[in-house]
Amino acid sequence: MGRTLVSIDRDSREPVYQQLRKALEHAIATGALDPNRALPSSRELARELGISRNTANTAYQELLAEGFIESRPRRGVFVNPEMVPHMQRQEGGAHGGRDVEWSRHFRGRPDARMPEIAKVTDWHTYPYPFVAGQVDPASFPRLAWTRALRDALEPPHVHYSLRDGIDEDDPMLLEALCREVLPTRGIEVEPDHVLVTLGSQQGLDLLAYTLVTDGDSIGVEDPGYPDARHIFVRAGARIVPYPVDTSGLIPQSSMDDLAMLHVTPSHHSPTNVTLSIGRRKQLLSMADRAELLLVEDDYDSEFRYQGSPTPALKALPGSDRVVYLGTFSKFLAPGLRLGYLVADPELIRELRGQRRYRVRHPSGHTQRAMALFIDGGQYQRTVRRRRTQLQRKWRALREALQEHLPWQVAPPPGGVSIWVDGPAELDGVRLAERALRRGVVIERGDVFFAEPGQHRHHIRLGFAAIGEQSIAPGVARLGETVREVLG
Ligand SMILES: Cc1ncc(COP(=O)(O)O)c(C=O)c1O
């Protein structure tokens, strides 16, 4: 909430608590805050805005006293429904929802207090969008994809585009994945080892709901991918964070007690380091000994800019306990929502059953179009083209960071973002807020950690969505903002 609705100007003469109170008052008066959702606690708000807890508390106390918000025992602080604009209440009434307290009916959200990646949704309107997880529309192979979509509606393909597949996937796409895509990662399997997903995220969700029982411990990298933690915790798991160094996740004997371990071996998320071969072997033998399942999240292995890519963990001997997740989000576009999961056929059958009662299957039309796209050689062509483009952007960003930041940055040669460790006194949250005001979108790094409060000096810069020409001037502005924030 804080990022989008509240912006604090530390140079203003107006006290911060008053700025905060006014911003919240305005948000309530304009109906921007959902009266059915608890507001963040003062501690969360303080952390998100980089202000003291006392300041957040004072603002909340004033709003309570004025009746803008109300405190509900054991549930938190809510916008006072009486203060919600009249129009909005009437709309609720027209749909029969005026007096329904929806939040009472919701299942608990066990991940409610965990940090989330703070996305700037209108990033494309900023001149310097160093966002991660997005792509530049100009680099999307629009003509080839349009042709594939059109051909998928012609016989004989149209049947597979339009049918209800129940729990099946498009057989042509499964074939194409096994023949053209997985072998580039060293994985040689038959189609019964593959499930098509709505992206890696759905793969994680299906695994969590199929394999995790309440209270199971799941190991994750720290720092690591926040969305995986949310998915596992929502499925009832307990998260156990494990540290990462320049050779990736550090194997530890306590991992023997885990039910599952989520790893990003090719390019660790978010630092992009590669898991060493020694550690890969350690993890595999540990998995075997302790009956531990390894989830290999191989979300952007296509993008390595020096040397050759390491084969997947799933390609190594003795990797039966590895479930592999791949995605078309990074090399094509995340909006297509298409990925794949590779595992033993018995697990694949179980996951199909789970998927059937959640989403049935990913769109048949998209699956057939992707099969035709791969079959026509477009997959390999697009990967090569994008790798070259991204390599140029990676170099430009690395050089700009070296020139404009007052400390050393030496990123590993892969991935679609650069992780920056600032000096201990850097407040990355404040920097991200200040940079945004100057048109530079970067990500705060604290949310990737299990203990965000202790890791505020990191930031992440994605380079897939920004145009190459904008990289240097954007980083120059960021450098100026860094000097301001460091004082
Ligand atoms: C670690 C990690 N895994 C997976 C993904 C991709 O998820 P999806 O395939 O659901 O788009 C991302 C994207 O941000 C990621 O950072």
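**Domains and details**

Author: The domain assignment, automatic or from a database, gives domain 1 (2-105), domain 2 (123-133 + 381-486) and domain 3 (142-378). This is a predicted model: local features need pLDDT of at least 70, side-chain atom pairs count only at pLDDT 80 or more, and totals for chains, interfaces and linings use all residues. Residues are numbered from 1 along each chain as its sequence is written.

Reader: How many residues of domain 2 and domain 3 are in contact?

Author: 23 residues of domain 2 are in contact with 23 residues of domain 3; contact is C-beta atoms, placed from the backbone, within 7 Å. The centres of domain 2 and domain 3, over C-alpha atoms, are 27 Å apart.

Reader: Which elements give two or more residues to the domain 2 side?

Author: Helix H15 (378-404) and strand S12 (417-421). H15 gives the most, with eight residues. Helices (H or I, at least four residues) and strands (E, at least two) are DSSP runs, numbered from the N terminus.

Reader: And how does that side divide into nonpolar, polar and charged?

Author: Twelve nonpolar, seven polar and four charged. Here Ala, Val, Leu, Ile, Met, Phe, Trp, Tyr, Cys and Pro count as nonpolar, Asp, Glu, Lys and Arg as charged, and the others, Gly among them, as polar.

Reader: Switching to the ligand: which residues are closest?

Author: Gly199, Gln201, Ser269, Thr327 and Ser329 are the closest of the 13 residues that surround the ligand, where near means a C-beta atom, placed from the backbone, within 6 Å. That shell has three nonpolar, nine polar and one charged.

Reader: OK, Val447. Where is its place?

Author: Val447 sits in the loop between strand S14 (443-444) and strand S15 (458-462).

Reader: Buried or exposed?

Author: Val447 counts as buried because it has 22 C-beta neighbours inside 10 Å. The cut-offs are 20 or more other C-beta atoms within 10 Å for buried, 12 or fewer for exposed, and partly exposed in between, with C-beta atoms placed from the backbone.

Reader: What is Val447 in contact with?

Author: Leaving aside neighbours within four places in sequence, Val447 is in contact with Pro115, Glu116, Ile117, Ala118, Pro226 and Pro452.

Reader: Last one: how many helices and strands in the protein?

Author: 17 helices and 15 strands. Of the 487 residues, 43% count as buried.

How values were computed: Two residues are in contact if their C-beta atoms, placed from the backbone, lie within 7 Å.
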